[in-house]
Each structure stands twice: as C-alpha cells, then as structure tokens.
Amino acid sequence: MAVKDPTAVERANLLNMAKLSIKGLIESALSFGRTLDSDYPPLQQFFVVMEHCLKHGLKVRKSFLSYNKTIWGPLELVEKLYPEAEEIAASVRDLPGLKTPLGRARAWLRLALMQKKMADYLRCLIIQRDLLSEFYEYHALMMEEEGAVIVGLLVGLNVIDANLCVKGEDLDSQVGVIDFSMYLKNEEDIGNKERNVQIAAILDQKNYVEELNRQLNSTVSSLHSRVDSLEKSNTRLIEELAIAKNNIIKLQEENHQLRSENKLILMKTQQHLEVTKVDVETELQTYKQSRQGLDEMYNEARRQLREESQLRQDVENELMVQVSMKHEIELAMKLLEKDIHEKQDTLIGLRQQLEDVKAINIEMYQKLQGSEEGMKEKNEMIGRLEDKTNRITAAMKQLEQSDKDLLTQTRTIAMSFVKCASSDTQPQYKLVKDISF
C-alpha cells in the first residue's frame, strides 16, 4: 500500500473543511433570513477555516527577536495587484487596537466579506504564483489547485449579507480552533433539517406566489391604465383622422376648383394671345405696305430731284452763255437764278420733310407692338404722313409746273433775243438754239 503525501492529505482535508464551512454558512444564512453579525457561529468557523487555509505552507520569516509566520504579508500584496483593494488595506491599517499582523489579516478577511470581494481579491493573488512563492512553500494550498477550488467556492458567499463590527473586536488574541461538531450530524438532526428545509421551501414558495401575485396585480393595474390611455388616444386619433379627412376633402374640392379656373384662364389667355397675334400681323402688314408706298414716293421724289438738279445745271450753263451775250439775258438769268435758289430752298425743305417721314416711320416700327390706342395714334400719324406726302407731291407738281413755265419764259427770252440780235453771226444763233434745246 502506497503512502500518501502528508501535505496532499492536509490540502485535501482543508479543502473539504472549506467546502463544508462555505456550504453550511450559505445554507444557514439563507434559512436565517437576516444580515449576519460577528456572533454568528457558522461565520466564525468560516473565518477560522480560511485562516488555516491561508496559513498552510506559509514560510517562516526570521526576525531579530523571534520567528514570524503570518498571513498578512500575502494579503497586503493584494492592493498592489487589485487597485480597488487599496481602500480596504488602508482601512485595516487605520483601525485602532490592532497590534499584530494576524489581527490585521483577520480584519482584512472580514472587510473583504462585507464588500463581497473576497473571491476577486484572492483570485488575483493565486494567479501571481511567482509573487506567492516569496511567502509560501511550493506544496502550500495557495500554490496548488486546491487554492483555486476554494477561491471558486468563495464566489457563492456573494449571496449573503454581513454586518461585522471590526473596530471594537479583539482580533489579535483570538484562538482559531475548528469546531468539527458543527459538521457532524446524526439522523434526527438530518430529519429535522430536511423538515426545516421543506418548511422553508414551502414558505419560500408562498412568499414567491404572494410576490408574484402582487406583481401581477400591479401589472394588471398598469395594463388597465395603459388600456384607458390607449382608448383615449385612439378616440382622439379617430377624431383627428375625421377632421383630417374633412380637410382633405375640402382641399381636394378647392384644388379641383382652382384647376378648372386655371384652365379657363389659360384658354382665355390663349384666345387673347391669338387675337393679339392676328392684330399685330395685320398691323405689321399694313405698315409694310404703307412703308413700301412711302419708299416708292421717296424714290420718285429723289429721282425728280436729280432731274431738277440736272435741269438746274443745264439752265445755269445756258444762263452763263447768255450773260456773256446781252444785258437782257443777264437780267433773265438773274431772275432764273433767283427762281432756282427758291427751288433749292424748297427742295431742302422737302428733304427735311422726307427725313422727318423716315424718323416717323422708325418710331412707328418701334411702337408697333403697343396697344390699340397706340395703333390709333400710328394711324393718325400715317394719315398725317399721307397728307404731307400729298402736299409734297403737290409741291413737286407745282415745282414741275414752275420749271416748265420758267423754261418757257427762258425760251421766249432766248427767241426774242435771237430775233432782236438778227445782225449777229450765224454760229452764235446756232449756239443759242443748241442751249435752248
């Protein structure tokens, strides 16, 4: 038969005791139903068991006076690994009456349990085995798997609430002895415990049902209130929907009416535009015709002016020849020249009138797209232009007649001069005859 390692047996025993202690503490705390205090026996035994687990395999540190073997060293290391543990470490150091490191370690465990952070603190500690090796032997419980199992069991302690008075408690002189009688139970205790568990379960179920009923009642009342509010909001929405439908119908009618009015206005506008377009085209055609007639008249007057100019030049040449001949011819030529100057003035006036007619024509072209009153004014202006044209025509005819009369007079004077100057030579008579014709 193989001999077991004593340290392994110690670790197994401590692990079993930790399981029993944690399980018993949780069950008794739940059945107790109140916040735990320092005098609660299962809680005292839990701290004793945890103290033995932390002391297992702890290295002995030599000092000048004695050998020191305490768990405060590794617990003090937690604040460096877990920043939230700085507060609990500072509180332990500030507690009055704690003189030994063991007392500080016991206070630290109690404060960690009240904070429900014991499992978290020890978990970060057992992960750093290189740091723990300074405080524990290689076969210590905190260095093996049993330490990790105990840390996992400590998570279950978060369901209990504890209110421990650490300040006035004597933690330095307490003797940590495990009371195994709390974990050794006979059959009667087991039966009583089972009945108590059943009764507690029934009471828990009753409390659960009552709480559930209360929650259901509150839920039903809240649902009723929500139903009422939804009905009110639904009624309000129905009314708003009816109002919105009426508004939509009115808007549709107004839209239809506006569309019909728009179509009517568009038709009227198109008709008016067509009529205006026809009128403008007619007026433009009339203006073009009248302008064409005025252009023809202007060209005719210009042609006549050129003829008169040519005739004037001929008459001037003839007069110049006749002046050299006789004094009567000079007097006749002076009269003729005077008449010609008058004709020039008349022609200049006619030219100015033609320029005015041209300016009026341009003004009429610019005002072609005006209103009916503008067209009436244009018609009046066209009438005035026609009158001026008629006057110009009459003046031209009068000028032609005066020219004919002047030519006749000139011929008569020339013939009389020829007859009076019968003693002159034949070449001179022939010259006068050529000039007259």
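Is Phe46 buried or exposed? Phe46 is buried, at a relative accessible area of 1%. Buried means under 20% relative accessible area, exposed over 50% and partly exposed in between, with a 1.4 Å probe and protein chains only.

1. Basis. This is a predicted model: local features need pLDDT of at least 70, side-chain atom pairs count only at pLDDT 80 or more, and totals for chains, interfaces and linings use all residues. Residues are numbered from 1 along each chain as its sequence is written, and side-chain values use heavy atoms, leaving out hydrogens and water.

2. Overall make-up. The chain has 13 helices and two strands. These are DSSP runs numbered from the N terminus: helices are H or I with at least four residues, strands E with at least two. Of its 437 residues, 29% count as buried.

3. Main core. A nonpolar core is a set of buried Ala, Val, Leu, Ile, Met, Phe, Trp, Tyr and Cys residues joined through side-chain atoms within 4.5 Å. The largest one holds 61 residues. Those touching the most other members are Leu43, Phe46, Trp108, Met118, Tyr136, Leu154 and Leu157. Helices that each supply at least two of its residues include α1 (6-32), α2 (41-55) and α6 (101-115). Another core, of nine residues, lies apart from it; Leu305 and Leu399 are among them.

4. Met118. Contact means heavy atoms within 4.5 Å. Leaving aside neighbours within four places in sequence, Met118 is in contact with Phe46, Met50, Leu109, Ala112, Leu113 and Leu154.

5. Aromatic pairs. Rings of Phe, Tyr and Trp (its six-membered ring) pair if their centres lie within 6.5 Å; planes under 30 degrees apart count as stacked, over 60 as edge-to-face and the rest as tilted. The count comes to three pairs. Phe46 and Phe47 are tilted, because their centres are 5.5 Å apart and their planes at 55 degrees. Trp108 and Tyr121 are also tilted, with centres 5.7 Å apart and planes at 45 degrees. Trp108 lies in α6 and Tyr121 in α7, so this pair ties together parts 13 residues apart in sequence. Tyr82, Trp108 and Tyr121 form one aromatic cluster.

6. Charge over a ring. The charged end of Arg110 sits over the ring of Phe47, 4.3 Å from its centre. The rule asks for NZ of Lys or CZ of Arg within 6 Å of the ring centre and within 35 degrees of the ring normal. Phe47 is buried, at 5% relative accessibility.

7. Backbone check. Lys116 is not a glycine, yet has a positive phi of about 60 degrees. Lys116 is in the loop between α6 and α7. At 30% relative accessibility, Lys116 is partly exposed.
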